[in-house]
Amino acid sequence: MNQAQREEMFARFQAANPHPTTELEYSSNFQLLIAVLLSAQATDKSVNIATRRFFPEHGTAAGLVALGEEGLAEYIKTIGLYRTKAKNAVATSRILQERFGGEVPPDRAVLESLPGVGRKTANVVLNTAFGMPTIAVDTHIFRVSNRTGLAPGKDVVAVEQRLERVVPRKYKQDAHHWLILHGRYVCVARKPKCPQCGVSDLCDFKEKTTA
């Protein structure tokens, strides 16, 4: 895929979905951070089902600290790795409460130092909560970037670095969401829905599906 094709690809994504956003449900930057932390190796749908149970009453840093690991684990046990996630979420909440008044700071280094918060989670929060043009590479974006030829790379860091170079600046703010949605609903893992794809003519994938 050449740069003109990349430009066209994102122009079409924008035309089809001018204001993309995460499918996670939240009402504060803190809740977004916790939802993204919980979403590792889990679907947004499963996370939303769980957070609806505890966000209304416990959806602040102080609320999760008070709830504690065991209390949170009961709410999220339908999500994979729930015990580890409960431990990390409460530990992160405690740090935010003690050091930042319960608020989420727009600082990558601080975010990545929090328990359970890696580079991908930090990128999502910086992009969605603070409007920074970061691109978080999850399994969907990794697949789409390699399969289409948009930004091939051997690992998520390589793909992120390539995307940072090749995504046109005017599309960087929303690129993360467009690519995730494309990978989640169209360029799916087992059998991509090429006939339904609005950018299939720009894609380098050789084994396009016909039905």
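**Labels and their cut-offs**

The largest cavity holds about 80 Å³ of space. Of its 13 lining residues, the closest to its centre are His-182, Cys-187, Cys-194, Cys-197 and Cys-203. This is a predicted model, in which local features need pLDDT of at least 70 and side-chain atom pairs count only at pLDDT 80 or more, while totals for chains, interfaces and linings use all residues. Residues are numbered from 1 along each chain as its sequence is written, and side-chain values use heavy atoms, leaving out hydrogens and water.

Q: What makes Glu-7 and Lys-170 a salt bridge?
A: A salt bridge needs a side-chain nitrogen of Lys or Arg within 4 Å of a carboxyl oxygen of Asp or Glu. The closest N and O atoms of Glu-7 and Lys-170 are 3.4 Å apart, so the pair qualifies.

Q: Why is Lys-170 called exposed?
A: Exposed means over 50% relative accessible area, buried under 20%, and partly exposed in between (1.4 Å probe, protein chains only). Lys-170 has 57%, so Lys-170 is exposed. Glu-7, with 30%, is partly exposed.

Q: Which residues does Arg-12 pair with?
A: Arg-12 meets Glu-8 at 2.8 Å, N to O, and Asp-201 at 2.6 Å. Asp-201 lies in the segment after H10 and Arg-12 in helix H1, so their pair ties together parts that are 189 residues apart in sequence.

Note on methods. 1 Å grid on protein atoms, 1.4 Å probe; cavity = no way out; pocket = protein on both sides within 12 Å on 5 of 7 lines; lining within 4 Å. Points joined across faces, edges and corners; volume = space filled by probe spheres on them. Helix = DSSP H or I, 4+ residues; strand = E, 2+ residues; numbered from the N terminus.
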